[in-house]
Amino acid sequence: MFERENFFQIPQFLTLSEVMGLREQVRLLRPQFRAATIGSLKLLEKTIRSDQICWIDAATTAASLPLQSYFAQLEVLRKSLNEKYFLGLKSVDSHFALYHPNTFYERHLDVSSEKPSARKVSLV
């Protein structure tokens, strides 16, 4: 694991086979992708982000071996981060994002008056 200021990198976190399995899941879930929204009010703001997302939940994961494997790895990572950095991470939320040509998500900081510290870690 390579650590740097405010981020770290895990080489080969996913194998090529795992990436290909997740890619196939994106293909299968394509009809469920929706325009991404921002904030707790779920605002559709095309000047801030224009990608499409599909949230991955327990029902989606149960039907997919690649997603089960991915979430198992995320759980190991969550526990490891808690042990090393005392983050108190209790859960993992995940989604696929599609960026077609000329789509984007503006650089930003997550700020929420309802949940000021809801997200502690992001995985890209």
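Helices (H or I, at least four residues) and strands (E, at least two) are DSSP runs, numbered from the N terminus. The structure is a predicted model, in which local features need pLDDT of at least 70 and side-chain atom pairs count only at pLDDT 80 or more, while totals for chains, interfaces and linings use all residues. Residues are numbered from 1 along each chain as its sequence is written, and side-chain values use heavy atoms, with hydrogens and water left out.

**Figure 1. Overview of the chain.** The chain has three helices and five strands, and its elements run β-β-α-β-β-α-α-β from the N terminus on. The C-alpha atoms fill a box of roughly 40 × 35 × 25 Å, taken along the principal axes. Of the 124 residues, 24% are buried (buried means under 20% relative accessible area, exposed over 50%, partly exposed in between; 1.4 Å probe, protein chains only). The accessible surface comes to about 9,600 Å², of which 57% belongs to carbon and sulfur atoms (Shrake-Rupley method with a 1.4 Å probe; for residues, only the protein chains shown count as cover).

Figure 2. A salt bridge is a side-chain nitrogen of Lys or Arg within 4 Å of a carboxyl oxygen of Asp or Glu; the whole structure holds three. In the pair of glutamate 24 and arginine 27, the closest N and O atoms are 2.5 Å apart. The two residues are separated by about one helical turn, because they lie three residues apart in helix α1. Glutamate 24 is partly exposed, at 33% relative accessibility, whereas arginine 27 is exposed, at 53%.

**Figure 3. Arginine 78 and its partners.** Arginine 78 belongs to helix α3 (residues 65–85) and is buried, with a relative accessibility of 13%. Its salt bridge with glutamate 75 has closest N and O atoms 2.4 Å apart; glutamate 75 is partly exposed, at 29% relative accessibility. A polar atom of the arginine 78 side chain also lies 2.5 Å from the backbone oxygen of leucine 89. Leaving aside neighbours within four places in sequence, arginine 78 is in contact with Leu89, Lys90, Ser91 and Val92 (contact means heavy atoms within 4.5 Å).

**Figure 4. The salt bridge between arginine 49 and aspartate 51.** The closest N and O atoms of arginine 49 and aspartate 51 are 2.7 Å apart. Arginine 49 is buried, at 7% relative accessibility, and aspartate 51 is buried as well, at 1%. Aspartate 51 is also touched by alanine 97, a residue of strand β5 that is partly exposed, at 34% relative accessibility.

**Figure 5. The largest nonpolar core.** A nonpolar core is a set of buried Ala, Val, Leu, Ile, Met, Phe, Trp, Tyr and Cys residues joined through side-chain atoms within 4.5 Å. Twelve residues make up the largest one, among them Leu22, Phe33, Cys54, Tyr70 and Phe96. Two or more residues come from each of α1, β4 (52–56), α3 and β5 (94–98), and α3 gives the most, with four. Leucine 22 touches Leu14, Pro66, Leu67, Tyr70 and Phe96, not counting residues up to four places away in sequence.

**Figure 6. A nonpolar surface patch.** Leu16, Val19 and Met20 make a nonpolar patch of about 280 Å². Patches are made of residues with over 30% relative accessible area and no salt bridge, like charges being joined within 9 Å and nonpolar side chains (Val, Leu, Ile, Met, Phe, Trp, Tyr) within 5 Å. Leucine 16 is found in helix α1 (residues 16–29) and is exposed, with a relative accessible area of 64%.

Definitions and conventions
Polar contact = N/O pair within 3.5 Å; in protein donor to acceptor, adjacent residues only side chain to side chain.
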